[in-house]
Amino acid sequence: MPISPGSLARLLRLIVVTDRRLADPGDVTEIVAEALQAGALAVQLREKAQPPREVLPLARRLRADTRRHGALFFVNDRLDLALAAEADGVHLGPDDLPVRATRELAPPGFLIGYSADEVDKARLAVRDGADYIGCGTVYPTATKRDAGRVTGIEGLRTVARAINAPVVGIGGVTPARAPAVVAAGAAGCAAIGAVMAAANPRRAVADFLRAAKHGARQP
């Protein structure tokens with residue numbers, strides 16, 4: 001059954017994005033488990049370097065864990081891997097399969113996220129079938145090696161006001177910055193290093209969720 005935009009926005013309050021390099025010496029599955037226990041309702045598996053064959057067991061493990069907690073599970077970039085793992089959706093970037101082609105191939109109810117920091121690109125993605133937009137880099141970050149230019153809070157606000165779909169702020173977002181991200185009109189935040197490299201991932205997620213809720217109450 002399709003998820004309404006309102007329900008999707010609630011589930012996207014925080015997307016925990018995996019990074020095995022930042023998790024080291026910890027384990028991605030253990031950190032995700034802590035995040036889910038703390039209330040995270042969306043997880044994105046991001047594996048840029050590993051072949052899909054090697055990533056699939058991890059994807060299926062995270063799919064099982066997120067399903068047990070009632071959380072969404074996305075795979076970054078790879079529609080084939082997302083479908084093989086029975087993920088809820090895929091998150092695409094400009095170099096990946098186009099949104100329209102992905103929508104044509106995906107089953108009903110499958111969610112598509114798209115990275116865009118410009119209004120025209122965000123509108124086109126939504127028109128072609130994207131369910132939400134990941135917008136950033138909001139703040140400077142060294143976590144995403146492929147991060148683009150810093151758009152800032154104003155850039156995020158401009159995109160959020162221009163499209164009729166949830167927007168998630170990504171790039172350098174911490175619990176301290178989450179209220180400003182949500183107050184700018186974003187449904188929530190995507191966090192990589194702030195959770196993956198945290199000394200206490202469970203506390204980091206709880207801080208994010210609390211901070212994002214506070215931001216949503218701001219005028």
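How are helix 3 and helix 4 oriented to each other, parallel or perpendicular? Let me take that one first. Bear in mind that this is a predicted model.

Helix 3 covers residues 28-37, and helix 4 covers residues 52-68. The two pack at an angle of about 15 degrees. Angles under 35 degrees count as roughly parallel. Helix 3 and helix 4 are therefore roughly parallel to each other. Their axes lie 11 Å apart. The crossing of helix 3 past helix 4 is right-handed.

Now the residues in that contact. Helix 3 brings Thr29, Val32 and Leu36. Helix 4 answers with Leu58, Arg61, Leu62, Asp65 and Thr66. By class, the contact holds 4 nonpolar, 2 polar and 2 charged residues.

Look at Thr29 on its own. Thr29 sits in helix 3. Its relative accessible area is 12%. Buried means under 20%, so Thr29 is buried. Set aside neighbours within four places in sequence, and Thr29 is in contact with Leu58, Arg61 and Leu62.

Take strand 2, residues 42-45. In a regular strand, side chains alternate between the two faces of the sheet. Which residues of strand 2 are buried on each side? Ala42 and Gln44 are buried on one side, Val43 and Leu45 on the other. Both faces of strand 2 are covered.

Strand 2 also has its pairings. With strand 1, residues 14-17, strand 2 pairs in the parallel sense over 2 bridges. There, Val17 has Gln44 as its bridge partner.

Leu92 has Tyr114 of strand 5 as its bridge partner.

Last stop, helix 7, residues 119-128. Its buried residues are Val119, Ala122, Ala125 and Asp128. What do they pack against? Two helices are on the list: helix 6, at 99-105, and helix 8, at 152-162. Strand 5, at 111-115, and strand 6, at 132-135, are there too. Just after helix 7 comes Gly129, with a positive phi of about 125 degrees.

How values were computed. Residues numbered from 1 in each chain as written. Predicted model: local features only at pLDDT ≥ 70, side-chain atom pairs only at ≥ 80, totals over all residues. Heavy atoms only, no water. Axes fitted to C-alpha atoms, helices over the stretch in contact; angles between N-to-C directions. Helix = DSSP H or I, 4+ residues; strand = E, 2+ residues; numbered from the N terminus. Parallel < 35°, antiparallel > 145°, perpendicular 65-115°, else oblique. Left-handed = near helix turned anticlockwise from the far one by under 90°. Contact = heavy atoms within 4.5 Å. Nonpolar A, V, L, I, M, F, W, Y, C, P; charged D, E, K, R; others polar. Buried < 20%, exposed > 50% of the residue type's maximum accessible area, 1.4 Å probe, protein only. Pairing = 2+ DSSP bridges.
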